[in-house]
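Here are my notes on the side-chain contacts in this one. Have the structure open while you read.

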Amino acid sequence: MRAALKAAAPSLAVERLLWAEGREIVVGMDEVGKGAWAGPLTLVAAVLPRNRRVYRVRDSKMLTESERERLYDRIADWCVAWAAGHASNDECDHLGMAAAQRLAARRALDGLGLDPDAVLVDGRWDFVGNGKTRTLVKGDATCLSIAAASILAKVTRDRLMRAAAVGYPDYNFDNNKGYPCPRHKAALSAQGPTPLHRRSWAFMDTLGWPHLRVSPSSPLPF
């Protein structure tokens, strides 16, 4: 087992406390894509069963891409319910990141088909705002529902970006998933932004394509 996987596994401790209080539907949520230059912001809401486990679930950042891919179907089948919500690059531009995160979270929760009794989110900010949220610092490393959601969110978005890479081979989206890297920056400097790029982001100021910042990018089916 790799050293990263020997670290303490996330647990159901918080979920069990909430179940004991009578909160039947406990949802874990996590996001991916917040720091990307291109592609959607993706949030996943996941509801775990009480009596079955999937092993080797960790914060998605601790896992390799191949490990996440191997876990994806097992976690998806394990969940009582799960759903992804996206905010497109245009929505991130036009709404701002905070509002886009709230929008993607609402879409994920709406997609569950369940009425949550409690929602667990990673970090300090309650982007759900329904009066049922509990924020957990480093929740993706300690809370099993959030860790499962982190893997589902990461793999879901990675697959979208790999599919999009076919149309934009110079931007290396299949490897960088829309995040900053030297090849991505070089392609932007040489060719300008694609319809997947967030054109209001600060990185656009240094590219020498100011006329393209004014026009919104073409909407994509995220």
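1. A cut-off to begin with: buried means under 20% relative accessible area, exposed means over 50%, and partly exposed is in between. By that scale Y168, at 23% relative accessibility, is partly exposed. Bear in mind that this is a predicted model.

2. Now the aromatics. The count comes to 5 aromatic pairs. In one of them, Y168 and Y171 have ring centres 6.5 Å apart and planes at 85 degrees, so this pair is edge-to-face. Y171 is buried, with a relative accessible area of 4%.

3. F173 is buried at 0% relative accessibility. Taken together, Y168, Y171 and F173 make up one aromatic cluster.

4. What lies over the face of Y72? That would be R159, at 4.2 Å from the ring centre. Keep R159 in mind, as it comes back in the last point.

5. On to the charged pairs. Side chains of opposite charge can pair when their charged atoms come close. Searching the whole structure turns up 12 salt bridges. One of them joins R50 and E24, whose closest N and O atoms are 2.9 Å apart. R50 sits in the loop between β2 (41-47) and α3 (65-78), and E24 in the loop between α2 (13-20) and β1 (26-32), so the pair ties together parts that are 26 residues apart in sequence. As for accessibility, R50 is partly exposed with a relative accessible area of 43%, and E24 is partly exposed at 48%.

6. K61 and D59 form another salt bridge, with 3.1 Å between the closest N and O atoms.

7. D115 bridges to K132, the closest N and O atoms being 3.5 Å apart. This pair links distant parts of the chain: D115 is in the loop between α5 (97-112) and β4 (118-122), while K132 is in the loop between β4 and β5 (133-136), 17 residues apart. D115 is exposed at 57% relative accessibility, and K132 is partly exposed at 29%.

Conventions:
Residues numbered from 1 in each chain as written. Predicted model: local features only at pLDDT ≥ 70, side-chain atom pairs only at ≥ 80, totals over all residues. Heavy atoms only, no water. Phe/Tyr/Trp six-rings, centres within 6.5 Å; stacked < 30°, edge-to-face > 60°. Buried < 20%, exposed > 50% of the residue type's maximum accessible area, 1.4 Å probe, protein only. Lys NZ or Arg CZ within 6 Å of the ring centre and 35° of its normal. Salt bridge = Lys/Arg side-chain N within 4 Å of Asp/Glu carboxyl O. Helix = DSSP H or I, 4+ residues; strand = E, 2+ residues; numbered from the N terminus.
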